[in-house]
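Below is a brief report on a two-chain model.

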Amino acid sequence: METALSDIPLLSVMTFFPLLGALCIFFIAKFTRLKTDASKVIALTVSFVTFLLALAVFFVFDNTNPAFQLVERASWLPSFNAEYIRGIDGISLWFVMITAIITPIAILNSFGSIKKNIHEFMIAVLILETMMIGTFTSLDLVLFYVFFEGVLIPMFLIIGIWGGEKRIYATYKFFLYTLLGSLLMLVAVLYIAVAFNTTDMMQLIEQGVPIDAAIWIWLAFFASFAVKTPMFPFHTWLSYAHVEAPTTGSVLLAGILLKMGAYGFIRISLQMLPEAGMLFAPMMIVLSIIAIIYASFVAFAQTDMKKLIAYSSVAHMGFVTLGLFSMNEQGLDGAMFVILSHSFVSAALFMGVGVAYDRLHTREIARFGGMASNMPQYAMFFMIFTLAAVGLPGTSGFTGEFLSLLGAYKANIWIAVFAGLGIILGAVYMLSLYRRLFFGKQDKEDVSKMPDLSVRESLCFAPLAVLVFWIGLYPSTFSNQYSATMKTILERLVQ
Amino acid sequence: MNLSLDIAIIFLPLIGAVLAMLIGTKVFLPKFLKEKYQDGCDKAAQVAATGCMLIAAIFSIVLFRYVAVEGHEANTMLFEWIASGNLKADWGIKLDTLSALMLLVVSVVSCLIHLYSIGYMAEDKSKSRFMAYLSLFTFFMFVLVVAPNMLQMFFAWEGVGFASYILISFWYEKESANDAGIKAFLVNRVSDFAFLLGIFACFVLFNSLDYTTMFAKAAKASEVHWEILSVSVHAVSLICFLFFIGAMGKSAQLGLHTWLPDAMEGPTPVSALIHSATMVTAGVFMIVRLSPLFEHAPFVLSFITVTGVLTCLFAGLVAITQFDIKKVIAYSTISQLGFMFFAIGISAYSAAMFHLVTHAFFKSLLFLTAGAVIHSMHGEQDMRKMGGLKEYMPFSHYFTWIGSLALMGIGIIGVFGFSGFYSKELILESAIAKNTGMGTFVYYSGVIAAFLTALYASRMIFMTFFGDRKVLNRREEIHEAPAIMILAMLPLVIASVFLGWLAFDWFTGSKAVEFWKNSIFVSDHESSHAGLLYTILPITLVSSGVALAYIAYDIIKDIPQKISNKLGVVYRLIYDKFYFDEAYNMIFVRPFGAIARFMRTKIDDGFIDKFGVDGIARVSIMVTRKIVSVQTGYLYHYAFAMILGLALLVSWFWGWRLY
């Protein structure tokens, strides 16, 4: 068993399987008259099989070993010292799992809302999945860069083709911001390739980077990750991208894409460049605190529910960077849990917005009200995810925010005091949103006629609800996988 | 046998909640079934939830005997919860006299209120949902009282807060109910934030969140001082202070009390269970649970005393002026909680717990009788529109009397008294026995509070049940509560009469040490006896309070009006509850929205966006228009940039190689 599995390049198979599915749809649709329903089924099946592959990786993975595992090497751009290297450790394992869990749900969710160019949409989503898994499993900087940037192309298409009215403006904004960040990152990758003669991340982590160079490399990567996360003040693209994106796009964007920034911070800003990371930690923490408080206020003032949730994402990602740069066990663990929690919760909340949008074609909060009476099931699911966003103990949100704030407290009491205000502010905007949507008198005729969740919609929410409680009540399942890796990262940081 | 019993007790309400939700609500039931068999489903849900609670209550009695009387303490770990670095907090059950006593009180009161609700909510359209929420609340409350560490306590602490929120907003079509629900949640969030900081500080100091470890290290830790903003702060005091802020929110102490009167928007059984008997006493319970720690923070104890006294007098005064029957009882609850807190402040934890227990029974009885009155008046809560109800509602009338006598603490020393008499006397005795300035201060405050209590409680009775009928609707419209509600109130009546007399021994004197074992800190002051004058003074004042109310509200009825006219501004101040809500609205609520809007329009849209990316965008639009003439091809731009980047990469590489 052991040997049989090790013969298969499991990570590469998992990474490129969705791409294979996309090619299938492409060619079948090109040469036959493929029904749109068929391409939906193919896409769902492919993403589900990818999930099973990820599950296989999960079980093959040895959580007692902090090093990179299932490493695959092949020569690639030999003249450039860039290699094709794939591998995972406890950290990237969870990012892969997040991707593999959310993508099939997002595809299932798109069945109701995407009405045009369905083949192309499915192709774009599957390519996106390959790119995302590829980002999380790449262990060579050039390879990482290619996948990291490659994610943007299908995402552009998803927003630009299937998006709302002002989609062009939104993609434009998305484009400009990320371009700015990625060009700097590219320069840093080039510099590393030239200066250190290798872009192998494992080797770079092992040998370390001299501090004077590390500072500039760190800043260049920061530009890219800060935009992607997004951190204050690089966050304004997010609300536009979300508002214009179709529901599936928002789910993938909030659930997975934003986590690429967080992943980069862990893998490169902390693990590869620990000294520079220490140096910039105060800045990161200040920006995180501002993000948490500021985004919460701005979220409260929104009238469009998708924008509100987009801003809540900025606030929650603030807890991620806060925990990471508190640089202690609880902070790092907390950051990982906020990442996990926010992936599932924001994906669910955006699907929740989609439910309302599909029925009434508006996202204006004031147009809704009293939905608890005619859509009890919807109200229940939305309540579960609202509570998780608010960080009620027992849900995933608490596990993350508690540990992240505890880490911050250990770093400095006042950080926890200010950042902790976020848990009060979070309750303010989320509960008032819930109240305006679900409570109150049912006096709008069109709202009162909206049907409750269909079976397909419930199927999208249910697994996420299970995960929310799982992380909230028994988080060890999750932390056991990455604690060994986290420990080694932390040891290097403390040195 | 013990082990399975405690787990059963805790999870029975959760099972009841899930069953009620599954059987009776629209969430899981197919629509066609639901429309056809709604009544049957609701009945089944009610029976399921109440049945689970009944079993839990019976088990709790058995468990109480086993743990508190026979002395089998236990600490069970269920499974791992949060583990990170040296932080380890598990799900567990701590069984000692304190938790067994709380389990007993909560389960019995909750069971009776489940039963009462079947009658009270008979006309409501979401009966099953109501039962499910009540059971869910009970589950969280159970988890709270058996928590073996601060983190599980916090889980349940916020859990009961959530249950309280959904129950206050139960009639979600009413805007006022939604306001009250959110207010309750947010005020509690503010105090929970302090609680959370306390937990962080606790972990840093003790490296553990388990009570046993904390208490073991408490003496040594009390020497630690922290430097905060270049001020040396006593670590244990800081932690206790933060925990007390947490308790102030949940137990509605002065400053953080504003949510509790509003919480009366919820159905009356909710007020009885959550907002008087159980959840609001969680703050008292928490500090009693942590009494070995609080004993090392004398300054915080004094602070608790003063807060308790101020709350007690403030709420007592306000209660005298209110006309909404539920508001009167709500302020009475705040006042009584203040009473418990100042007992804690003078280290009379046993007395505080005793009052918590007796209060749970007589205050829920008072709420349930008020509920019966409101039920028969078709939702009317204004006492000015009531009056003369004693003829129509004899049971409710007598029950209110019994509840009020217990609340006022009527009794004859050495002979017999209603339940509140014993617990109140014990607190006052402990205060005077302290023989310090603080003790005397507490004693006299307590006596004044007792007088105020007598005044507002009898005012409520005379206004509601005596005098003439104010509303001249048809006589038959007003009816006594249905049998099921009377039945549910009966055990509470019995407890209000006899509980103090029966249980007095456990909580006082040398028996207290034996009863509590090591579960709480028992001070030796509580055993001594106060002088005769001190024991006679309270009962004299209480009696005169009743007499005064009788004269003012049943004989010479224009006295209250005259007094309020005479007092003018002072009366307005008290009647308007010292303008706490108005002040908070002005300081926090209104500026919040304004700041949020400012940040959104002026900073986010107006500054960061305008000068940040849109500025760059404007420039680059001008540039790119000149280079590429594809109008919507931003994707191509990106591809272009990627190619450019790759070209750069390759050329750099080549250049470097050549170099």
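## A buried threonine

Thr464(B) is buried, because 25 other C-beta atoms lie within 10 Å. A residue counts as buried if 20 or more other C-beta atoms lie within 10 Å of its own, as exposed if 12 or fewer do, and as partly exposed in between; C-beta atoms are placed from the backbone. Thr464(B) belongs to helix H18 (residues 437-465) of chain B. Helices (H or I, at least four residues) and strands (E, at least two) are DSSP runs, numbered from the N terminus.

Thr464(B) touches Ile325(B), Val373(B), Met383(B), Met386(B), Gly387(B) and Leu389(B), leaving aside residues up to four places away in sequence. Contact means that the C-beta atoms of two residues, placed from the backbone, lie within 7 Å. Ala483(B) is 19 residues from Thr464(B) along the chain, and their C-alpha atoms are separated by 21 Å.

## Basis of the model

This is a predicted model: local features need pLDDT of at least 70, side-chain atom pairs count only at pLDDT 80 or more, and totals for chains, interfaces and linings use all residues. Residues are numbered from 1 along each chain as its sequence is written, while chains are lettered from A and ligands numbered from 1 in the order in which they are written.

Chain B has 25 helices and six strands. Of its 659 residues, 55% count as buried. Among contacts in chain B with a separation of 6 or more, 78% join residues 24 or more positions apart.

The largest nonpolar core has 442 residues, and Leu144(B) and Ala352(B) touch the most other members. H6(B) gives the largest share of this core, 18 residues. Such a core is a set of buried Ala, Val, Leu, Ile, Met, Phe, Trp, Tyr and Cys residues joined through C-beta atoms within 7 Å. Leu144(B) touches Met153(B), Ala156(B), Trp157(B), Val160(B) and Ala282(B), not counting residues up to four places away in sequence.

E1(B) and strand E2 (residues 87-95) of chain B run antiparallel, joined by nine bridges. Strands pair if DSSP finds at least two bridges between them. Glu80(B) stands opposite Asp90(B) in E2(B). Two residues separate E1(B) and E2(B) in this hairpin, and Gly85(B) in the turn has a positive phi of about 60°.

Strands E3 (residues 225-228) and E4 (residues 231-234) of chain B are also antiparallel, with four bridges. Trp226(B) has Val233(B) in E4(B) as its bridge partner. This hairpin, too, has two residues between its strands; Leu229(B) in the turn has a positive phi of about 50°.

## Where the chains meet

The contact between the chains involves 57 residues of chain B and 63 residues of chain A. On the chain B side, strand E1 (74-84) and helices H5 (150-168), H6 (175-206), H24 (580-627) and H25 (634-658) each supply at least two residues. That side has 36 nonpolar, eleven polar and ten charged residues. Ala, Val, Leu, Ile, Met, Phe, Trp, Tyr, Cys and Pro count as nonpolar, Asp, Glu, Lys and Arg as charged, and the others, Gly among them, as polar.

## A covered helix in chain A

Helix H4 (residues 90-113) of chain A is mostly covered: 21 of its 24 residues are buried. The axes of H4(A) and helix H22 (residues 476-494) of chain A come within 7 Å and cross at roughly 145°. Axes are lines fitted to C-alpha atoms, for helices over the stretch in contact, and angles run from 0 to 180 degrees between N-to-C directions. The contact of H4(A) with H22(A) has seven nonpolar, three polar and no charged residues.
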